[in-house]
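Here is a friendly note to read alongside the model. Take it one point at a time and look up each residue as you go.

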Amino acid sequence: MRKHPFRLWRYRVLIPVPRDAEIISLNEGGTPLIRLKRIEKLVGVKSIYAKFEGANPTGSFKDRGMTVAVTMAKYLGFRNVICASTGNTASSMAAYAARGGLHAIIVLPEGKVARGKIAQSILHGATIIYVKGGFDSALKTVLAAYEAGLAYPLNSINPWRIEGQKTVAYEIVDEIGVPDWIIVPVGNAGNITAIWKGLKELRKFDLIDRLPRLAGVQASGASPLVEAFRENKEELKPVENPETIASAIRIGNPVNWRRALRAVRESNGVLLSVSDEEILAAQRKLARLEGIGVEPASAVTLAGFLRLVEEKIIERDDKVVFILTGHALKDPDIASSHNIRSFSANNRIDALKIIASLEGTSTFTN
Ligand code: F0G
């Protein structure tokens with residue numbers, strides 16, 4: 001493929017923006033694909049990779065969709081862009097809107113968004129409207145604002161978001177070919193939809209000769225898609241009051257549910273849910289065994305993977321990729337809630353005594 005100075009935009013030929021559009025970019029994409037050697041050894045699966053989307057400019061995969069969607073918002077002449085968010089879409093939109101000279105209006109579920117994400121949205125100068133209820137209620141507000149002609153919505157109902165997010169699939173295939181499994185956290189279900197779209201395009205253009213299986217992972221307190229999948233249903237029963245420590249995917253009524261279900265079924269994949277305890281343990285493993293700091297919503301991939309290995313759905317020889325969607329610093333409160341040993345020293349001698357007593361011990365506890 002032709003190289004382009006922007007990392008994601010080197011795939012421009014597959015992103016249908018008009019030729020004369022001014023690209024609003026922060027050089028997103030081109031994120032590290034990291035081999036997880038210590039987890040491979042621990043679990044006994046041959047090749048496991050993490051696509052670390054936390055390395056994007058605002059610290060989450062949302063930048064991929066946002067560069068395309070804000071480019072198009074500007075091209076179409078909108079001045080106000082709006083989104084509902086559990087936090088990452090908001091901080092990404094705030095940054096790209098700033099770069100494009102647009103006004104970002106962000107609708108957040110009050111008291112339910114992690115601190116790092118709010119900080120970013122404030123820093124980039126967005127207007128924030130806090131609403132009661134969860135993400136699902138915030139999204140209804142956004143749709144009403146759109147219908148009233150007040151602003152252009154940049155949630156994943158916006159097809160341009162999907163066009164950008166599909167590029168993560170291109171990057172994986174470019175680097176390691178077609179894996180056997182791609183494991184994706186699922187909230188509003190835009191990302192898994194986008195990844196499948198990207199893969200199917202590669203197949204359609206004969207750039208690959210087979211497709212991976214998709215595993216979508218939800219948190220057990222917010223898993224309406226998993227229920228629909230298990231019961232083989234064509235309808236979604238929304239979860240009224242979704243609850244999980246993984247606030248990014250605390251969503252009870254995912255808008256892209258239909259396409260996501262189809263994607264998982266077509267790929268001969270699975271949808272499963274994991275508990276908050278499994279999520280925190282997985283976050284710790286990624287951080288302490290591999291040095292990769294992710295927010296809880298991303299850690300569902302490893303938690304789900306461990307289940308699938310246990311159930312022998314994923315096998316020893318499989319090549320597996322986790323989509324690690326967001327950086328650990330997005331949610332500093334959760335990151336700093338993990339157990340470590342810490343000491344208070346009264347003076348330097350005291351500190352040295354403590355350090356000397358540590359020899360030979362390890363901080364990895366779980
Ligand atoms: N991981 C992270 C870190 C997220 O922020 C999100 C969604 C997901 C996974 C799930 O992706 O919605 O495409 O299935 N965050 C949205 C937001 C809802 O508002 O930032 P999805």
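1. Let us begin with a term: the domain bounds used here come from an automatic or database domain assignment. With that in hand, the lining of the largest pocket draws at least three residues from each of domain 1 (8–60 + 161–335) and domain 2 (62–157). A pocket is an open set of points on a 1 Å grid over the protein atoms alone, with protein on both sides within 12 Å along at least five of seven lines, and lining residues have an atom within 4 Å of a point.

2. A word on the model. It is predicted, so local features need pLDDT of at least 70 and side-chain atom pairs count only at pLDDT 80 or more, while totals for chains, interfaces and linings use all residues. Residues are numbered from 1 along each chain as its sequence is written, and side-chain values use heavy atoms, with hydrogens and water left out.

3. Back to the largest pocket. It is lined by 17 residues, and Gly134, Asp136, Val239, Glu240 and Pro242 lie nearest its centre. Helix 5 (residues 135–147) gives the most to this lining, with 4 residues. Helices (H or I, at least four residues) and strands (E, at least two) are DSSP runs, numbered from the N terminus.

4. Stay with helix 5, where you will find Lys140. Is Lys140 buried or exposed? Lys140 is exposed, because its relative accessible area is 60%; exposed means over 50%, buried under 20% and partly exposed in between (1.4 Å probe, protein chains only). Lys140 and Ala84 are 56 residues apart in sequence, yet 8.4 Å apart in space, C-alpha to C-alpha.

5. Now turn to strand 2 (residues 47–52), where 6 of 6 residues are buried. On one side sit Ser47, Tyr49 and Lys51, on the other Ile48, Ala50 and Phe52, and both faces are covered.

6. Which strands pair with strand 2? Strand 10 (residues 319–324) pairs with strand 2 in the parallel sense over 6 bridges, and here Lys51 stands opposite Ile323. Two strands pair if DSSP finds at least two bridges between them.

7. Of its 35 residues, Leu36, Ile183, Phe305, Ile314, Val320, Phe322 and Leu324 touch the most other members. Elements giving two or more residues include strand 2, strand 10 and helix 12 (296–310), and helix 12 gives the most, with 8 residues.

How values were computed
1 Å grid on protein atoms, 1.4 Å probe; cavity = no way out; pocket = protein on both sides within 12 Å on 5 of 7 lines; lining within 4 Å. Core = buried A, V, L, I, M, F, W, Y, C linked by side-chain atoms within 4.5 Å.
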